[in-house]
Amino acid sequence: MSAPIEHLLRNAVAHGIEPPAGRAAAGKSEAGEIRLEVRQEGNEVVLVFADDGGGLDTERIVAKARACGLLADGRELSEREAAELIFQPGFSTAGVIDEISGRGVGLDVVRTEVASLGGRIDIDSTPGAGTRFTVHLPLTLALAQVVLVSVGPLKYAIPSSNVEQVLQVKPQALADAYSA
């Protein structure tokens, strides 16, 4: 997940957070805020990437999609459908290519990587208030507590939730158990 995390953070910096003057004009502090939250919800690990920027410019996104031939002229989209366009392969609204954006690597790479791990990504944007990307991944991909068991040269990691009791048996007691 390191590449998708880096990409989401780059996007928050390049596209989400407004320049200081624009933030001040909107009544915000000059410094933007990007939050990364990680939590467990049921059998999922949830990563939330949220910025307090300007939100998605869906008019610009739709115009770019029309210009690229991704969207037929005259077709109307809801805000959610317009937001989903940013996940199209190679899609970018960046006007300038630099170290942060416009590199031709779009959010489709993030969605593909998340999907390959059995997860999904949701987007929520509020004009003038920011954008939130929520990544849901199966808990099985996360760190888990296990009990390591050695049987001869083999080692097994058994999820601790499947283990009722762990006993350390002394060699003589084990020999007695085998003979009984």
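Colleague: Which residues does T134 touch, leaving aside those up to four places away in sequence?

Modeller: Please bear in mind that this is a predicted model. Apart from those sequence neighbours, T134 touches V46, L47, V48, R120, I121 and D122. T134 itself lies in strand β4, residues 130-138.

Colleague: Is T134 buried or exposed?

Modeller: A residue counts as buried when its relative accessible area is under 20%. T134 has a value of 13%, so it is buried.

Colleague: Where do the faces of strand β2 stand, covered or open?

Modeller: Strand β2 spans residues 44-51, and eight of its eight residues are buried. On one side these are E44, V46, V48 and A50; on the other they are V45, L47, F49 and D51.

Colleague: How many bridges join β2 to β1, and how many join β2 to β4?

Modeller: Strand β1, residues 34-41, is joined to β2 by eight bridges, and the two run antiparallel. Within this pair, E37 stands opposite V48 of β2. The hairpin of β1 and β2 has two residues between the strands, and G42 there takes a positive phi near 60°. Strands β2 and β4 are also antiparallel, with seven bridges between them. There, E44 has P138 in β4 as its bridge partner.

Colleague: What describes two packed helices?

Modeller: Two packed helices are described by the angle between their axes and by the distance between those axes. Here, helix α1 (residues 2-16) packs with helix α5 (residues 107-116) at an angle of about 145°, and their axes are 9 Å apart. The crossing of α1 past α5 is left-handed.

Colleague: Which residues of α1 and α5 meet?

Modeller: From α1 come P4, H7, L8 and N11, which meet L107, V110 and E113 of α5. By class, this contact has four nonpolar, two polar and one charged residues.

Colleague: Which residues of helix α3 are buried, and which are exposed?

Modeller: In α3, residues 58-67, the buried residues are T58, I61, V62 and A65. They are on the same side of α3 because they cover an arc of only 95° around the axis. On the other side of α3, E59 and A67 are exposed.

Colleague: What covers the buried residues of α3?

Modeller: The cover includes α4, residues 79-84. Just after α3, moreover, G69 takes a positive phi of about 80°.

Notes. Residues are numbered from 1 along each chain as its sequence is written. This is a predicted model: local features need pLDDT of at least 70, side-chain atom pairs count only at pLDDT 80 or more; totals for chains, interfaces and linings use all residues. Side-chain values use heavy atoms; hydrogens and water are left out. Buried means under 20% relative accessible area, exposed over 50%, partly exposed in between (1.4 Å probe, protein chains only). Helices (H or I, at least four residues) and strands (E, at least two) are DSSP runs, numbered from the N terminus. The arc is that of the directions from the helix axis to the C-beta atoms. Contact means heavy atoms within 4.5 Å. Axes are lines fitted to C-alpha atoms, for helices over the stretch in contact, and angles run from 0 to 180 degrees between N-to-C directions. A crossing is left-handed if the near helix is turned anticlockwise from the far one by less than a right angle, and right-handed if clockwise. Ala, Val, Leu, Ile, Met, Phe, Trp, Tyr, Cys and Pro count as nonpolar, Asp, Glu, Lys and Arg as charged, and the others, Gly among them, as polar. Two strands pair if DSSP finds at least two bridges between them.
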